[in-house]
Amino acid sequence: VTPKNLKRNRSRVLVSFKSVTKPDLESSAKLSPQQVTSILELEQRRFEIQEGAVKSVDINRLAANDPIEDRDGYASLGPSEFLFGVYDGHGGCGCSSTVSERLFHYIAISLADYSLLEDIITGNLGMNNLVNWYQKETYSERSKRLYMRAIMKYAQESLAAHEPSSIEQHLKDAFVRLDHDIIQEGIPSESNKEFHSDSLFSAMAGSCALVSYIDGTDLYVANLGDCRAVLGVKVQESEYAAVPLSYAHDAHNASEIRRILDQHKNESTNIIRNNRLFGELAPLRAFGDLRYKLSLTEVKELERYFNTNHEVRGYYDNRVVPPNYKTPPYLISEPEVIKHKLTPKDKFLVLASDGLFDMLTPEKVVKLVAGHIDGKQILIDPQIDTNMNLKSMNRYLVERKTKLANRSIDDNAATHLIRNALGPEHRQISYYLSLPDNVCRTQRDDMTVSVIFFDSDYIKDKNVSDGIIKK
């Protein structure tokens with residue numbers, strides 16, 4: 001990420017696309033339906049996992065920023081043990097890229113028992129074997145060396161201070177430690193022998209993060225910022241409930257506002273303005289964004305560096321120190337973790353950046369995925385009961401016809417969600433996809449969507465074997 005891109009992206013931290021005028025749909029259908037589908041399918045992926053509680057994962061993303069600031073990650077840590085992540089960057093993609101490349105390793109270290117940590121430190125287990133990626137980001141040799149040194153140091157310190165703790169605490173520790181390393185690596189000082197401008201750019205930008213950790217039938221969702229997780233639960237035939245497994249850390253969250261004001265007494269009129277931190281930043285928890293975390297002395301030193309270094313001069317509009325900066329840190333990197341025990345009724349989990357949920361409610365998201373499942377099921381499994389009477393058969397055929405008529409044209413559930421977030425009417429989708437780069441971000445945000453489908457049979461059998469439910 002170049003300084004030029006960072007400067008250009010800086011203003012997007014302050015963008016609100018909800019205040020724009022209504023699209024002129026009459027003149028916006030510039031793309032054919034085939035062209036729309038081609039664009040929407042450009043970044044779609046599917047991982048057929050078929051292991052443990054996870055059957056498959058449908059993934060897609062659609063840029064609004066140029067370059068896109070969202071990232072994602074998918075990996076396993078062992079049999080029936082998975083990590084899935086969505087990262088929503090702001091102020092550039094430097095921080096979200098760094099988090100997507102490094103966070104799973106920190107989580108693996110944090111979760112590791114004593115013997116595994118010993119194997120890592122002695123070299124019996126290579127660092128590259130710690131996380132089994134379904135799709136891996138690539139990074140430079142310089143970054144790789146820096147990352148490996150940092151994670152090895154974390155492993156050594158974790159071994160020295162190892163003690164049993166909850167999964168929730170391990171996830172929190174991993175987030176906080178990674179953010180600490182990102183910030184320290186990004187501070188330009190004589191004591192920072194590893195300093196490089198790339199590290200500074202990563203620490204200057206910021207990123208929300210949403211990670212689901214699945215171990216058997218135990219599901220943990222660690223959320224930092226304003227991405228969202230929603231569980232699709234089948235309560236009865238053709239009826240699903242949307243169960244939130246995360247809560248946005250923003251100014252609309254009353255508990256978040258109380259947390260911040262309790263930590264910064266007598267600053268209520270300065271901290272939250274226009275529903276943003278210091279009137280600038282929407283998420284109230286995030287990776288990076290070092291200017292809201294450093295001590296007053298450190299941030300003033302950073303400002304002097306910015307004013308004398310041509311690479312970053314002018315960034316933050318020459319105002320590195322936020323107004324009324326008195327009792328930092330104002331921004332934290334500790335996630336909120338929610339645990340859920342999977343049951344056979346839990347059919348899927350949607351993880352997405354706020355670009356999707358700005359345009360669809362959680363209830364609508366679950367309804368769309370449920371309908372997508374029904375549409376695919378109706379094609380492959382007619383489920384005709386030969387003992388049906390004529391009245392029942394007629395009702396079944398009417399329901400089948402309705403489902404076929406409503407069946408999505410998208411085979412990928414994540415693509416189906418993005419299509420409906422933009423539309424679903426063709427002219428409106430065409431309008432959004434035809435916008436020039438300099439206008440697109442004023443109309444919508446980047447969207448990254450992951451739909452994780454669960455194996456109900458595995459979940460039932462596992463819960464029976466664990467004595468949670470009876471046969």
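Student: What ground rules apply here?
Tutor: This is a predicted model, numbered from 1 along each chain as its sequence is written; local features need pLDDT of at least 70, side-chain atom pairs count only at pLDDT 80 or more, and totals for chains, interfaces and linings use all residues. Side-chain values use heavy atoms, with hydrogens and water left out.

Student: What is the mean pLDDT of the protein chain?
Tutor: It is 88, and 88% of the residues reach 70 or more. pLDDT is the predictor's confidence in each residue, from 0 to 100. Over residues 1-20 pLDDT stays under 50.

Student: Why does A112 count as buried?
Tutor: Buried means under 20% relative accessible area, exposed over 50%, partly exposed in between (1.4 Å probe, protein chains only). A112 has 5% relative accessibility, so A112 counts as buried. Of the 471 residues of the chain, 53% count as buried.

Student: What does A112 touch, not counting residues up to four places away in sequence?
Tutor: L117 and H162. Contact means heavy atoms within 4.5 Å. A112 lies in the loop between α3 (94-111) and α4 (114-122). Helices (H or I, at least four residues) and strands (E, at least two) are DSSP runs, numbered from the N terminus.

Student: Why is the pair F82 and F84 called stacked?
Tutor: Rings of Phe, Tyr and Trp (its six-membered ring) pair if their centres lie within 6.5 Å; planes under 30 degrees apart count as stacked, over 60 as edge-to-face and the rest as tilted. By this rule the count comes to 17 aromatic pairs. F82 and F84 have ring centres 6.0 Å apart and planes at 10°, so the pair is stacked. At 0% relative accessibility, F82 counts as buried. F84 also has 0% and counts as buried.

Student: How do you know that F104 and W133 form a stacked pair?
Tutor: The values are 5.3 Å centre to centre and 15° between the planes. The pair links distant parts of the chain: F104 is in helix α3, W133 in strand β5 (residues 132-135), 29 residues apart. F104 and W133 are both buried.

Student: What puts R228 over the face of F357?
Tutor: A charge sits over a ring if NZ of Lys or CZ of Arg is within 6 Å of the ring centre and within 35 degrees of the ring normal. R228 lies at 5.3 Å from the ring centre of F357.

Student: What makes E425 a cap of α15?
Tutor: A side-chain oxygen of E425 lies 3.0 Å from the backbone nitrogen of R427, at the N-terminal end of α15. A polar contact is a pair of N or O atoms within 3.5 Å; within protein, one must be able to donate a hydrogen and the other to accept it, and residues adjacent in sequence count only if both atoms are side-chain atoms.

Student: Which residues does the cis peptide bond with omega of about 10° join?
Tutor: G423 and P424. P424 is in the loop between α14 and α15. Most residues other than glycine have a negative phi, and most peptide bonds are trans.

Student: What is the phi of F278?
Tutor: It is positive, about 55°, although F278 is not a glycine. At 2% relative accessibility, F278 counts as buried.

Student: Is N324 buried, exposed or partly exposed, and why?
Tutor: N324 has a relative accessible area of 38%, so N324 is partly exposed. N324 has a positive phi of about 60° and is not a glycine.
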